[in-house]
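Student: I would like to go through this model by question and answer. Please put it on the screen.

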Amino acid sequence: MTTSTNTLRGWPLFSLIAVLILAMSAAAIALQPDLIEGLRSAIRATARSSFALFLAAFTASAFAVLVPSELSRALVRERRFLGLAFAFSHFVHAVLIYAYGQLNTEFWPARSVVDNTPGTVAYVFILLMALTSFKGPARLIGATAWKRLHVTGMWIIMAVFAYANFKRIPMSAWYVLPFGIACAAVAIRLVGKLALATKRRQARQPAARPATAA
Ligand code: HEM
């Protein structure tokens with residue numbers, strides 16, 4: 001049976017998301033009368049598209065264990081391309097930040113090293129994770145280092161998303177929503193890991209002997 005989750009996969013899925021991100025960014029810029037405000041709006045929009053894609057990759061395996069379905073299995077299968085689409089969305093976020101900084105000359109001087117550190121660290125991980133999602137670099141670093149890099153990177157990126165939304169709550173109460181979603185995603189991932197560990201432990205245990213009649 002051919003379903004939409006079966007047909008849209010791999011690079012076509014990545015390409016579709018990439019085109020949508022570019023169209024969304026262009027629309028965000030075009031809809032503002034001022035270019036600087038347009039760029040700011042597109043920066044915010046790409047932060048949100050990145051967050052949605054990252055959430056899908058971050059929770060995929062937990063959902064596959066907790067609520068197995070065609071969709072959760074498709075999310076696990078396409079995790080690599082969702083991760084790459086997230087990296088693309090954040091690459092666009094970076095390009096827009098660069099353009100914004102060029103036009104608004106007060107932007108970078110107003111930011112301290114402390115302001116830039118979480119985002120920069122996350123970007124280093126995004127780059128390393130994107131590069132090592134290809135066979136050659138992955139083989140070069142080996143399975144153990146790959147796992148360490150990707151697990152650490154996932155948690156660092158999630159922490160930066162949670163922090164970036166949390167620090168904006170005083171600006172607008174709406175940021176409670178993405179911050180709450182980030183907390184829920186962490187809980188879902190941890191519960192998923194726990195459920196998987198329990199499942200594996202049970203699978204290793206020998207089957208209980210049937211009770212014999214007295
Ligand atoms: C040094 C690197 C970074 C810089 C300079 C930067 C800069 C910005 C700027 C200028 C905005 C728009 C601010 C506004 O108009 O309110 C923004 C929004 C945001 N950024 Fe970044 N960013 C960086 C990296 C990151 C990273 C790595 C993440 C996540 C992993 C991230 C997540 C966000 C979020 C969640 C928002 C708020 C979006 C919204 O309003 O809903 N940023 N960033």
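Student: Which residues does His90 touch, not counting residues up to four places away in sequence?
Tutor: This is a predicted model, in which local features need pLDDT of at least 70, side-chain atom pairs count only at pLDDT 80 or more, and totals for chains, interfaces and linings use all residues. Residues are numbered from 1 along each chain as its sequence is written, and side-chain values use heavy atoms, with hydrogens and water left out. A contact is a pair of heavy atoms within 4.5 Å. On that basis, and with residues up to four places away in sequence set aside, His90 touches Ser50, Tyr123, Ile126 and Phe161.

Student: Is His90 buried or exposed?
Tutor: His90 is found in helix H5; helices are DSSP runs of H or I with at least four residues, strands are runs of E with at least two, and both are numbered from the N terminus. Buried means under 20% relative accessible area, exposed over 50%, and partly exposed in between, with a 1.4 Å probe and protein chains only. The relative accessibility of His90 is 11%, so this residue counts as buried.

Student: At what angle do the axes of H6 and helix H7 cross?
Tutor: Axes are lines fitted to C-alpha atoms, for helices over the stretch in contact, and angles run from 0 to 180 degrees between N-to-C directions. H7 covers residues 135-166, and its axis comes within 8 Å of that of H6. The crossing angle is roughly 145°.

Student: How many nonpolar residues does the contact of H6 with H7 have?
Tutor: The contact includes Pro118, Phe125 and Leu131 of H6 and Pro137, Gly153 and Tyr163 of H7. Ala, Val, Leu, Ile, Met, Phe, Trp, Tyr, Cys and Pro count as nonpolar, Asp, Glu, Lys and Arg as charged, and the others, Gly among them, as polar. By class there are no charged residues and three polar ones, and the nonpolar residues number 15.

Student: Which residues is Pro118 in contact with, leaving aside its neighbours within four places in sequence?
Tutor: Pro118 is found in helix H6, residues 113-131. Its relative accessibility is 23%, so Pro118 counts as partly exposed. Beyond its neighbours within four places in sequence, Pro118 is in contact with Val160 and Tyr163.

Student: What share of the residues in the chain is buried?
Tutor: The chain has eight helices and zero strands. Its C-alpha trace spans about 85 × 40 × 40 Å along the principal axes. Of the 214 residues in the chain, the buried share is 33%.
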